[in-house]
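Try each task yourself before reading the solution.

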Amino acid sequence: MAAMEIKKNITWVGALDWDRRLFDELIPLPDGTSYNAYLVRGGDKIALIDTVDPGKTEELLENLQETGVTRIDYIVSQHAEQDHSGSIGAILEIFPQAVVLTNEKCKAMLMDLLLLPENKFQTVSDGQTLDLGGKTLEFIFAPWVHWPETMLTYLREDKILFSCDFLGAHLAQSRPLLTDEKRTYQAAKRYFAEIMMPFRPQIRKHLERLSGLALDLIAPSHGVVYPRPVFILDAYRDWVSERTENLVLIPFVSMHGSTREMVEHLSGALIRQNITVIPCNMIHTDIGELAKELVDASTVVMASPTVLGGVHPAIAHTAFLANALRPKLKFASIIGSYGWGGRMVENLLASLGNLKVELLDPVLAKGCPSEKDFQALDALAAAIAAKHRGIGVLP
Ligand code: FEO
């Protein structure tokens, strides 16, 4: 890897994880990821903003060596999760005079997670500043993006916001500055959906606070540095708004074809109503893709066969995730087939309690769907179209 200056005396010293394919043993990473750390050299003091995942400590150390830095005064820890804090111990071993600068909540978490001794810390309050000598860091608390202790750091003279996980993307590319807005938009949207979407109300408030800052660069802890901050800020403003699209998402599983037949019939009926449909076979669909589509969907229709007396486990998992991600869905329904009975609908309804949706009548077929079931699916498509017209997403 290579250390790279993003502005005079501000150097990216992070690590690229090109082939990491899973985060938190849950989130697929089709584009790998990066752990961004930044060295800020003031006239008097030197600060390292965040570190890297413990598996990449060596790369951070090599990059620091490449910068020629011989002293670090402050390690600013914006967030206690180990992909950013996990190399603090190694930095302290090499630069024992360094102080870990963070807030009280993050300090307590770092002591629990990394077993760092209390005497290594100095805490800051919201809005507090630190002058490094011509480079003033201002600390901005931003709880729930996505942990309660997260803070951001604003470098006043250079108008750079170090935004931690907030506004980031799981994306590895060879240079830290954004080069491809289309690719980055998709990666950032997916990341927002997987990590930030449950916290939309808090994020709205943070965006409002940030709107008062003059910004030349936004430098998150994953993905790329934004030389046009409005690009990512506008995207977030849209994603956290209540705006949805004329889109129905149909996560489905089919064991012997009956549920698939229902999904295909419903999809056709919705398309004839001028509604965009995305059916996702949850045996193959990566959950990050599903999460990304949930950002804009107005309606979700869960489609499952009945297995072992209830919902198919892959759809149970999908429902659990959709419920945890709290998308801005307005309507939901359930379709599927059964052999002799079961609690598929009850199982699903019990898992979707966080969603503030209006439930449209489920359609269940006994065995193969019959003409009566197809008519019920046509009626469901018409009901969805009427609801979409009602919220103004379908003319
Ligand atoms: Fe990238 Fe919440 O850590």
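**Exercise 1. Find how many bridges join β22 to β24, and in which sense the two strands run**.

Solution. This is a predicted model, so keep that in mind throughout. Start with β24, residues 363–366: 4 bridges join this strand to β22, and the two run parallel. For a landmark, look at Tyr338, which stands opposite Lys366 in β24.

Next, go to β23, residues 358–359. Here 2 bridges make the link to β22, again with parallel strands. Ala332 has Leu359 in β23 as its bridge partner.

Finally, turn to β19. This strand is joined to β22 by 5 bridges and runs parallel to it.

**Exercise 2. Decide whether strand β22 is mostly covered or mostly open**.

Solution. Take residues 331–338 and count those under 20% relative accessible area. You get 7 of 8 buried, so β22 is mostly covered.

**Exercise 3. Work out which strands stand at the edges of the sheet that holds β12 and β16, and why**.

Solution. First write down the strand order: β12-β13-β14-β15-β16, an open sheet of 5 strands with mixed pairing. Then look at the two ends. β12 (129–131) and β16 (217–220) each have a single partner strand, so one side of each is left without a neighbour in the sheet. From one strand to the next, the twist averages 20°.

Now zoom in on one pair. β14 (residues 151–155) and β15 (residues 160–164) are antiparallel, with 3 bridges between them. Leu155 has Ile160 in β15 as its bridge partner.

**Exercise 4. Find the salt-bridge partner of Lys189 and say whether the two residues are buried or exposed**.

Solution. Side chains of opposite charge can pair when their charged atoms come close. Searching from Lys189, you land on Asp296, with 2.4 Å from N to O.

For burial, the cut-off is under 20%. Lys189 has a relative accessible area of 10%, so Lys189 is buried. Asp296, at 7%, is buried too.

**Exercise 5. Classify both partners of the Glu289 and Arg190 salt bridge by accessibility**.

Solution. Check the pair itself: the closest N and O atoms are 2.9 Å apart. The residues lie 99 apart in the chain, with Glu289 in helix α9 and Arg190 in helix α5. Glu289 comes out at 32% relative accessible area, which means partly exposed, while Arg190 is buried at 7%.

**Exercise 6. Do the analysis again for Asp373 and Lys372**.

Solution. These side chains meet in a salt bridge at 3.5 Å, N to O. Asp373 is buried, with a relative accessible area of 5%. Lys372 is exposed, at 59%.

To wrap up the tally, the salt-bridge count comes to 26.

How values were computed: Residues numbered from 1 in each chain as written. Predicted model: local features only at pLDDT ≥ 70, side-chain atom pairs only at ≥ 80, totals over all residues. Heavy atoms only, no water. Pairing = 2+ DSSP bridges. Axes fitted to C-alpha atoms, helices over the stretch in contact; angles between N-to-C directions. Salt bridge = Lys/Arg side-chain N within 4 Å of Asp/Glu carboxyl O. Buried < 20%, exposed > 50% of the residue type's maximum accessible area, 1.4 Å probe, protein only.
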